[in-house]
Amino acid sequence: MRPASLNGYFKDIETLAGIGPRNKAHFLRLFGRQDSARLVDVVFHMPVSVIDRRYRPHVVDAQDGQVATLEVEVLKHIPSHNRKSPYKVLCEDSTGNLTCAFFNPHRSWIEKQLPIGEMRLISGKVEHFRGEIQITHPDYMLPIDQADEMPALETIYPLTSGLGIRALRKALFSALKNVPEVNEWHDPGIMKRETWGTFKESLLQVHSPSQGSDIATNSLYRQRLAYDELLAGQLALALVRDRARKSSGRPIVGTGAITKEILHHLPFNLTGDQQKSFDDIIADMGKKEAMLRLVQGDVGSGKTIVALLAMATAVEAGMQGAILAPTEILARQHMEFMTDLADKVGLKIDLLTGRNKGKKRADLLSRLENGEIDILIGTHAIIQEDVTFANLGLAVIDEQHRFGVQQRMALAHKTVEGADLLVMTATPIPRTLTMTAYGDMDVSLIQEKPPGRKPIQTKVVSHDRLGELVSGLRRALEQGQQIYWVCPLVQESEVLDLAAAEDRYEGLKKVFGAKVGLVHGKMKAAEKDSVMLQFSEGDIRLLVSTTVIEVGVNVPNATIMVIEHAERFGLAQLHQLRGRVGRGEKQSTCMLLRARDIGAVAKSRLQVMRDTEDGFVIAEEDLKLRGAGEILGTRQSGMPEYHFVDLEEHKHLIELARDDARMIMNKDAGLETPRGKALRELLYLFEKDEGVRLLRGG
Ligand code: ADP
Ligand code: MG
């Protein structure tokens, strides 16, 4: 249970004056929350900039383009003659005239705001316009005795439509009054060395800065908050790991009989790196402590077979294996790949996704519980509460970066009885990021690609040349090749994404006819699968899609990948998409379509894609060019989302937090000391309480 001392942070925002059911919806949208927004969501919402209103010149001295605060007397109102020209209010101080301009104001409102003959404090951006000194739509127009309603340094926040800056700030500052100071969870040593203030002081300072630089990511205050957040993450991961390690781990030692058979039936030999990863895994599994290993291998490097061999090893030892895939399509593809081999070597495998319902599901669950299933493949349906294994030895999470900490922990719970955990990720993540996402995991790398792959030719083409491109595709289709066509991300809206993809689909169907298919995230799983199946069987030759195909699908005959508005994608995401082709023997091509006018950074990013196929190089470049937060593509990534942390700016803090967490675990793994108790609060505050729950279990 969350300590009562933190209750202030978790009160509903409706408890604040001025927030009711109507404007609450805006806050929910802004914070990406489902049905309740809490004060913690508001006070953790960080400013993006500061407007400095301390510049208080006389009217004649007010510099063009500057935000200024002017003390003036209202002289007269000059209503506009037509809708195009503004309503003007003429004001003056001892040095000259100021014109306040308004487009279509309510007459009564403006007369009340600026009554003739009264003094007003007016703040806004000054423009010198046709000999006049003017402020259009001032931000503030206050009677002198209400001057303190205007912040000298006004923090500006990300907003959402329907929610203005005034309303947000009002909610924020009343929330700040309501949230309590916390018990210090940091060591006095680090507090002193870093000259940090308390948690609440730091929070206050960022929202009411004394200078603009206070809100910057490298300010003392932001650093403290970022460190808190990183430490919460590292500590939660460390607790999970510690628990997994200490849990009644049992050595899992296979006989090698089944894996040998599998290798015998494979149409290829393992690459050196695949073999090495498998060896690492066997060694870990053989230990009494539970395994927590990350297999990081570029897209197409052949991680699936390594997972199968590992799970088969568990089966050899009389236990079960499970693999968790992020999407239905991918789970099915694993099923397909493994079914053939499983039949040959006598492994009983089955598939559990959200689509298994009713009696069939119940039947599957009972076979799982009786141990009649050796290996279970599935989506997150396999971590639901009522899914019970007879004897789960090894759990594999595929394409892990799509899963949040929550799911990772849910699986950890299932595997608490000593199951080993193997995590596989395709996106090459730079080391610092790996650390924030996984904490201290052992890592095996698969860098070597299976032999015989031809490099993918990547071309960057301006959108203007779409016509040419389409005729080129006609030839390719005639030669029997298959094509992926990925439509762009349009802002953050799936609806718009979909519209773009549908338009493109209609357009291409006019050119190429029935060979064209469409798949998108809004389709029912069954429809999606049927389209994917038609594509992999060659009935569909050109597949238009939103980014749903990103992860893992395998159609070796597809040799051309077209990505529209490639400049809108993260590099890592482009790399994933491109990895869908180049899987067969034939030469493959990736066409990156870009908007005609793109900036220098966007250009050099696309150049990186053209010049290399090395996922690690791409990830590092992406980090340099775009900043860590976006490296996985903001939207799809299940990377932890941070309130305070900027992964690039706070890189140095990541390692500190990791070391700190490690030290805490060494000294006080049960979080029982006074500092330990405060650290529990830290975990609750950042909603990493799964970590605490594990503690309670033992
Ligand atoms: P990923 O690492 O992206 O999950 P997959 O496991 O899907 O990659 O493998 C991609 C393709 O490479 C599959 O068709 C797989 O059968 C094939 N493959 C895997 N390992 C080898 C190998 N050692 N030699 C040849 N082909 C391989
Ligand atoms: Mg894969």
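Which side chain has an N or O atom 2.9 Å from a nitrogen atom of ligand 1?

## Contacts of the ligand

That side chain belongs to glutamine 274, with an N or O atom 2.9 Å from a nitrogen atom of ligand 1, a polar contact being a pair of N or O atoms within 3.5 Å. Taken alone, ligand 1 exposes 570 Å², of which the protein buries 85%, the areas coming from the Shrake-Rupley method with a 1.4 Å probe. Lysine 303 has a side-chain N or O atom 2.7 Å from an oxygen atom of ligand 1, and a polar side-chain atom of threonine 304 lies 2.6 Å from an oxygen atom of the ligand.

## The model

This is a predicted model, in which local features need pLDDT of at least 70 and side-chain atom pairs count only at pLDDT 80 or more, while totals for chains, interfaces and linings use all residues. Residues are numbered from 1 along each chain as its sequence is written, ligands are numbered from 1 in the order in which they are written, and side-chain values use heavy atoms, without hydrogens and water.

## The shell around the ligand

Around ligand 1 there are 18 residues, and those that come nearest are Asn269, Gly300, Lys303, Thr304 and Arg453; a residue counts as near if one of its heavy atoms lies within 4 Å. By class, this shell has six nonpolar, eight polar and four charged residues, where Asp, Glu, Lys and Arg count as charged and Gly is among the polar ones.

Technical notes. A polar contact is a pair of N or O atoms within 3.5 Å; within protein, one must be able to donate a hydrogen and the other to accept it, and residues adjacent in sequence count only if both atoms are side-chain atoms.
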